[in-house]
Amino acid sequence: MSNILTIFIGMALINNFVLVKFLGLCPFFGVSKKLSNAASMGLAVTLVMFLASAVTWPITHYILAPLEAEFMSTVTYILVIATLVQIMELFIMRTNYGLYSAFGIYLALITTNCAVLGVTLVNARESFNFIESLASALGAGAGFALVLIIMSGIRERLDTSNLPKSMKGLPVAFLTAALLGLAFSGFSGMV
Amino acid sequence: MQLVAAILLVALIGLLCGLAIYIVYIRVPHKVPGLGKIDEINKLLPGMNCGACGYAGCFAFAQEVSRNPQLASQATCPMLLGNDEVIKQLEIALGVSIDTESMNKKAMLHCKGSSENLFDYSGVQSCKAASLLAGGFKRCPYACLGLGDCMRACKYDAISIDGDKGIAVIDYVKCTGCALCVRECPQNLINMVSGRSKVSYRCNYSEIRVIPGRERCNNGCTHCRKCFVACKYDAIIWNKEKAVPEFDSAKCTLCGECVAVCPTRTLEYFQPAISPYAV
């Protein structure tokens with residue numbers, strides 16, 4: 001149990017995907033302008049990471065490993081994750097339209113997000129078991145959502161503040177990202 | 001050998017993935033009413049994703065319409081409005097009747113631009129700015145200033161500026177009736193008319209008792225009622241309050257009497273390219 005908690009905290013804070021491993025940087029700047037958008041993107045990414053880990057674990061251990069074809073894992077994972085997202089989108093659209101509109105375009109967008117692929121590759125590299133893989137996916141998703149929500153909150157606040165003209169918009173967002181990264185580096189060595 | 005095996009493996013996984021999507025697509029039931037028609041409706045739409053309907057693209061419009069068929073009779077795809085056959089198919093697919101007549105709108109400019117310039121205007125090149133300076137630089141205070149505020153508002157390149165006359169010219173084929181230009185005009189010269197109009201009244205000067213239009217411009221309405229008298233089919237109704245003619249395009253036979261009799265040529269045929277009745 002403590003092992004699972006360690007993995008969760010480790011993926012969420014210490015090895016945070018955005019600020020420490022620098023994965024998923026496009027949504028970090030693209031979708032962090034509004035708090036509501038950031039929250040739904042964070043939720044969508046967490047959901048997809050969780051399902052992707054759940055699906056790729058048996059593929060790694062029951063198909064790729066016995067055939068000694070682990071070198072094909074990147075290609076296979078991309079295929080499987082893309083399929084998974086498509087199926088999930090179809091399913092949500094047909095069963096729960098309210099949820100579908102809440103996810104909006106983000107569900108389709110994260111089909112090829114590197115953070116999602118990253119978490120499955122990390123799971124394979126660290127040779128986690130099934131439960132550990134799920135914990136690591138949830139941790140990575142929670143960390144991603146946390147950073148996205150923090151960033152969008154700061155950016156919403158900065159939009160209304162009196163900044164020098166040359167710093168408005170992206171420049172100050174980059175500076176904020178750097179300071180956030182510095183802050184998150186304080187977590188290293190915690191576990 | 002390993003290479004071939006790897007290729008086969010990935011091809012197999014890809015095939016299985018495709019099969020999985022297909023099975024889900026076929027098997028999962030539509031719980032939301034109407035959503036099953038999305039593909040059928042999407043095929044009827046032009047697929048240009050122009051966004052004129054107000055949704056993110058043709059597929060988004062198909063989604064909204066299939067969920068809420070009543071939407072189609074309030075706002076439909078402007079690209080389809082001229083195409084009765086597709087509209088009929090859309091009506092069958094949705095099970096509602098679409099009143100194209102009330103939705104088929106075109107922007108019309110109520111000025112022919114023959115009012116002369118009072119002074120040379122060399123300020124900010126915008127109608128809104130020019131109209132603030134002594135009511136514009138034209139003799140007629142209602143005239144089109146031709147600096148192109150409406151042209152810049154138009155997303156479909158349907159409006160151009162005629163350099164000789166100094167007025168905006170609307171291309172009725174490109175006009176989708178989105179009405180973005182209407183509020184841009186500081187002179188309130190553009191309004192939306194039925195796309196099946198036959199005769200257009202190209203003057204905005206209606207205050208008959210102050211100064212007759214003729215003093216302001218060569219093509220201004222003089223409120224002489226000649227068109228009203230000339231019409232044999234009761235297609236022209238005289239608006240006594242504004243002293244301007246109003247047209248009933250259902251009764252109009254396009255005989256051309258009113259256009260011919262207009263002494264100032266204020267009346268014109270509506271753009272022939274769009275009106276199926278036009279000669």
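The following legends describe close-up views of a predicted model.

In this model, local features need pLDDT of at least 70, side-chain atom pairs count only at pLDDT 80 or more, and totals for chains, interfaces and linings use all residues. Residues are numbered from 1 along each chain as its sequence is written, chains are lettered from A and ligands numbered from 1 in the order in which they are written, and side-chain values use heavy atoms, with hydrogens and water left out.

**View 1. Chain A contains 9 helices and 0 strands.** Helices (H or I, at least four residues) and strands (E, at least two) are DSSP runs numbered from the N terminus. The order of elements in chain A is α-α-α-α-α-α-α-α-α. Of the 191 residues in chain A, 48% are buried; buried means under 20% relative accessible area, exposed over 50%, and partly exposed in between (1.4 Å probe, protein chains only). Contacts are heavy atoms within 4.5 Å. Among contacts in chain A between residues at least 6 apart in sequence, 77% join residues at least 24 apart. Chain A exposes about 9100 Å², and carbon and sulfur atoms supply 70% of this area. Accessible areas come from the Shrake-Rupley method with a 1.4 Å probe, and for residues only the protein chains shown count as cover.

**View 2. The largest nonpolar core has 76 residues.** A nonpolar core is a set of buried Ala, Val, Leu, Ile, Met, Phe, Trp, Tyr and Cys residues joined through side-chain atoms within 4.5 Å. The residues with the most contacts inside this core are F28(A), M41(A), M49(A), L107(A) and L45(B). Helix α3 of chain A (residues 35-64) gives the most to the core, with 9 residues. Leaving aside residues up to four places away in sequence, L107(A) touches A44(A), V48(A), V85(A), M88(A), E89(A) and I92(A). A second, separate core of 22 residues includes C111(B), C150(B), A168(B) and C181(B). In soluble globular proteins, nonpolar side chains tend to be buried together.

**View 3. A nonpolar patch lies on the surface of chain B.** The patch is formed by L12(B), L16(B), L19(B), Y22(B), I23(B), Y25(B) and I26(B), which together have about 720 Å² of accessible area. Patches are made of residues with over 30% relative accessible area and no salt bridge; like charges are joined within 9 Å, and nonpolar side chains (Val, Leu, Ile, Met, Phe, Trp, Tyr) within 5 Å. L12(B) belongs to helix α1 of chain B (residues 2-27).

**View 4. K112(B) and E268(B) are joined by a salt bridge.** A salt bridge is a side-chain nitrogen of Lys or Arg within 4 Å of a carboxyl oxygen of Asp or Glu, and the structure holds 8 of these over all chains. Between K112(B) and E268(B) the N to O distance is 3.1 Å. K112(B) lies in the loop between β1 (105-109) and α7 (127-132) of chain B, E268(B) lies in strand β8 (residues 267-269) of chain B, and the two are 156 residues apart. K112(B) is buried at 15% relative accessibility, whereas E268(B) is partly exposed at 24%.

**View 5. Salt bridges that share partners join K128(B), D149(B), R152(B) and E184(B) into one network.** K128(B) and E184(B) meet at 2.8 Å, N to O. Because K128(B) lies in helix α7 and E184(B) in the loop between β3 (167-170) and β4 (190-194) of chain B, the pair ties together parts that are 56 residues apart in sequence. K128(B) is partly exposed, with a relative accessible area of 38%, and E184(B) is partly exposed at 23%. In the salt bridge between R152(B) and D149(B), the closest N and O atoms are 2.9 Å apart. R152(B) and D149(B) are separated by about one helical turn because they are 3 residues apart in helix α8 of chain B (residues 149-153). R152(B) is exposed at 51% relative accessibility, whereas D149(B) is buried at 6%.

View 6. Most residues other than glycine have a negative phi. S127(A) is exposed at 53% relative accessibility, whereas H223(B) is buried at 7%.
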